[in-house]
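Let's take a walk through this structure together. Have the sequence and the coordinates open as you read.

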Amino acid sequence: MTTTEPVRTRTSIVRVVGASLVGTTVEWYDFFLYGVAASVVFGDLFFPKGEQLTGTLLSFATFAVGFFARPIGGVVFGHFGDRLGRKQLLVLSLLMMGVATFAIGLLPTYAQVGALAPILLTVLRLVQGFALGGEWGGAVLIVSEHGDPARRGFWASWPQAGAPAGQLIANGVLAGLAAFQSDAAFNAWGWRIPFLLSAVLVLVGLWVRLRIEESPVFQEARAKQEPVDKLPIIEVITRYPREVLTAMGARMAENVSYYIFTIVIATYAKEHLGMGKSFALNAVLIGAAVHFFAIPMWGALSDRIGRRPVYLIGAVGVGVWGFLFVALLDTKNFALAALAVTVGLVLHGAMYGPQASFFTELFGTRVRYSGVSIGYQLASIIAGGLAPFIAVALLKAYDSGYAIAVYVAVCAVISIVAVTSYTETRRRDLTTL
């Protein structure tokens, strides 16, 4: 090893993983907090009074808006991340998300300012989506490009665990408030507390992220390559169209199933089953705790047997489990509902765990930030962004959760086709792409 080569020690990768995990936990806390609040209180607070499910649909429409902003954030952050580096953009995305989430906690309601309330809510949701669009690519890349290639799947899966960690904190705070407050107090002011608490989490995340070093793979590539005139997004579209489509297809089952298992369940339990807020929130709380540990387990397994086999276990699994998920919820038994969510999220983890390393291995270093962000975030529009809206619309049209299960199964088929049509990527060398 020459003196100019970066040294990749276990200590450095642990520090980088920790920084990515803390940051993604904060960002997903902010993003999921909105989703849970949209299913529980936003329909009543920010939209005109009317039929309950209609208000929830309008609330989920603003939830979807954030997903439409994510590809734009992915393109912008990807462009500068490929030119300037991963670290600077990760700090910026965290700041943007934190400011938007804190501001949501200060918003006036429809009863106070009328139509201005949903407009302001939508604008801040757009900022959240834009920030998250740049967050994911940078977080998984800075880990993937630091770690030992033989354990890339394991190390890169830890930023993914920020999703259930953020979900766990968001649901935990909301469940705690719901347990100790009356519905009237929660709807009046209690829901604001978790959004305002985001400021503390963001400060912690910034402190950790500012202490890490830039990706060594990126530094090596920037030192070697000649300056290029072509924009990263143009190179991604012209050179990696198949890879972008593969990433998008792979995300369908993963993204849709996740929002069904963690967000739509709140509406389903409340509106269709007539259960209280805590029924769904506590079930997701248990499932998220197990999900947190399942994700790196699946990531480690992908280092041994490959990304594709593990990913397919998850895609096939959620496609089948969707029907059992509905059947267990319909019993109105909390233990069975918790089992439904937990198994669903463990199967989801089989896709989400290896996803970071899988997508990283699809693109070359000079456009990798743009490539993973575009593939990941474009799918978010048609998958996660529309999933709650489509699911609630199906529930309203058919008055049955099994219509939602069919929706998940169709998405699973799309992901199975996408993953099986691409070659295994586990042994790819990131420095030579």
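This is a predicted model: local features need pLDDT of at least 70, side-chain atom pairs count only at pLDDT 80 or more; totals for chains, interfaces and linings use all residues.

Residues are numbered from 1 along each chain as its sequence is written, and side-chain values use heavy atoms, with hydrogens and water left out.

Let's begin at helix 6, which spans residues 152-160. Helices here are DSSP runs of H or I with at least four residues, strands are runs of E with at least two, and both are numbered from the N terminus. Buried means under 20% relative accessible area, exposed means over 50%, and partly exposed is in between (1.4 Å probe, protein chains only).

Arg152 forms a salt bridge with Glu361, and their closest N and O atoms are 2.8 Å apart. Because Arg152 sits in helix 6 and Glu361 in the loop between helix 15 (334-360) and helix 16 (368-385), this pair ties together parts that are 209 residues apart in sequence. A salt bridge here is a side-chain nitrogen of Lys or Arg within 4 Å of a carboxyl oxygen of Asp or Glu. Both partners are buried: Arg152 has 3% relative accessibility and Glu361 has 0%. The pair also belongs to a salt-bridge network that links Arg152, Asp303, Arg307 and Glu361.

How many salt bridges does a search of the whole structure find? The search gives 8. One of them joins the side chains of Glu235 and Arg239, at 3.4 Å from N to O. These two residues are 4 residues apart in helix 11 (residues 232-239), so about one helical turn separates them. Glu235 is buried, at 5% relative accessible area. In another salt bridge, Lys270 pairs with Glu271, with the closest N and O atoms 4.0 Å apart. Here Lys270 is partly exposed at 25%, and Glu271 is partly exposed at 26%.

Now for the nonpolar interior. In general, nonpolar side chains in soluble globular proteins tend to be buried together. A nonpolar core is a set of buried Ala, Val, Leu, Ile, Met, Phe, Trp, Tyr and Cys residues joined through side-chain atoms within 4.5 Å. The largest such core in this model has 103 residues, and those with the most contacts inside it include Trp28, Trp191 and Phe359. Helix 12 (residues 241-272) gives the most to this core, with 17 residues. Apart from it lies another core of 17 residues, including Leu21, Phe154, Ala161 and Ala165.

Trp28 deserves a look of its own. Not counting residues up to four places away in sequence, Trp28 touches a set that includes Leu33, Arg70, Tyr259, Tyr352 and Tyr376. Contact means heavy atoms within 4.5 Å.

Ser370 is found in helix 16 and is buried, at 2% relative accessibility. Leaving aside neighbours within four places in sequence, Ser370 is in contact with Gly78, His79, Asp82, Pro232, Ile233 and Val236. Thr331, by contrast, is partly exposed at 40% and lies in the loop between helix 14 (307-329) and helix 15. The side chain of Thr331 reaches the backbone oxygen of Leu328 at 2.6 Å.

Conventions:
A polar contact is a pair of N or O atoms within 3.5 Å; within protein, one must be able to donate a hydrogen and the other to accept it, and residues adjacent in sequence count only if both atoms are side-chain atoms.
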